[in-house]
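Please have the structure open as you read.

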Amino acid sequence: MALPLESLVADELAQPVDPQVLAMAEVIAARHGAASRAVLFYGSCLREKQLDGLMLDFYLIVSDYRAAYEKGWMARANALIPPNVFPFQHGRLAAKYAVLSEADFHRLNGPETRNVSVWARFAQPSRLVWASDESARGRAVAAVSRAAPTLLAAAGRVAGEAPLDWWRRAFSLTYSAELRAERKGRSGSVVDADAARYELFSGPAEAAIEPGAKSGGWGRRRFEGKALSVARLAKASATYAGGADYIVWKINRHAGTAFELKPWQRRHPLLGALSLLPRLLKSGAIR
């Protein structure tokens, strides 16, 4: 008999990670003091054994944006267009971390939001690498448990479709709703890299789909998602030092391209990033 989804998620989140990842999570939490509630490690680096030279991905969950920042405008920016994203380095490893409140993390993993950014990521494997207490751990597990049902419900079930094909199609739809640098087929490889996991999660995730969760609306999701990606890019020019360099690095790594920033694009990161968009879209480096 299949385990309930929340039990599967809790077990997955508790799986061990490299000690260096744990050390980074502790330092990230310490940067935001008593507001820090949980740190999650996610993304492609989760499957890598050699972390040197990679950019690790974390989410920091906080109790409240005002409590998380010394500067009021940073809290307002985080609340207006969540999340804020920051570069981070500890020892030999580099990372970026996104900041969300517990309330926003719960909401953005659920069907009440059309934006795919959070629930598409947390429908994939992740690790809860730091929590302030058991209450914070429980709330993180509950929020992440909403992601997979939201993903599958948004895609809708096609009659006769095999479970893994449902996951592949669902991720493909989410990739189309953001400005993404990954090569074509990336959505399928996410599933194929851990097919047994997605098979295991299929039944419990389908059973946990919330009443009223609607499928479809992907034209609107794509329009709003890409517009939000540009808005986040604009915000990052103020909150993320070196953001334009990171964007180009990520595109080159995932799309196999060799774009380089010019000096003026580094001096004016927002204009620089936006100036690259037409070229990137035309080349297919982002979609």
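Arg-157 counts as partly exposed because its relative accessibility is 40%, where partly exposed lies between buried (under 20% relative accessible area) and exposed (over 50%), using a 1.4 Å probe and protein chains only. Its salt-bridge partner is Glu-206, which is partly exposed too, at 36%. Here a salt bridge is a side-chain nitrogen of Lys or Arg within 4 Å of a carboxyl oxygen of Asp or Glu.

This is a predicted model, in which local features need pLDDT of at least 70 and side-chain atom pairs count only at pLDDT 80 or more, while totals for chains, interfaces and linings use all residues. Residues are numbered from 1 along each chain as its sequence is written, and side-chain values use heavy atoms, leaving out hydrogens and water.

The whole structure holds 17 salt bridges, including these:

| Pair | N to O distance |
|---|---|
| Arg-37 and Glu-102 | 3.0 Å |
| Arg-157 and Glu-206 | 3.3 Å |
| Asp-165 and Arg-168 | 2.7 Å |

Both Arg-37 and Glu-102 are buried. On the partly exposed side, Asp-165 has 37% relative accessibility and Arg-168 has a relative accessible area of 25%. Salt bridges that share partners also join Arg-37, Glu-102, Asp-133 and Arg-139 into one network.

Is Ser-126 buried or exposed? Ser-126 is buried, because its relative accessible area is 1%. Beyond its neighbours within four places in sequence, Ser-126 is in contact (heavy atoms within 4.5 Å) with residues including Leu-13, Phe-41 and Val-144.
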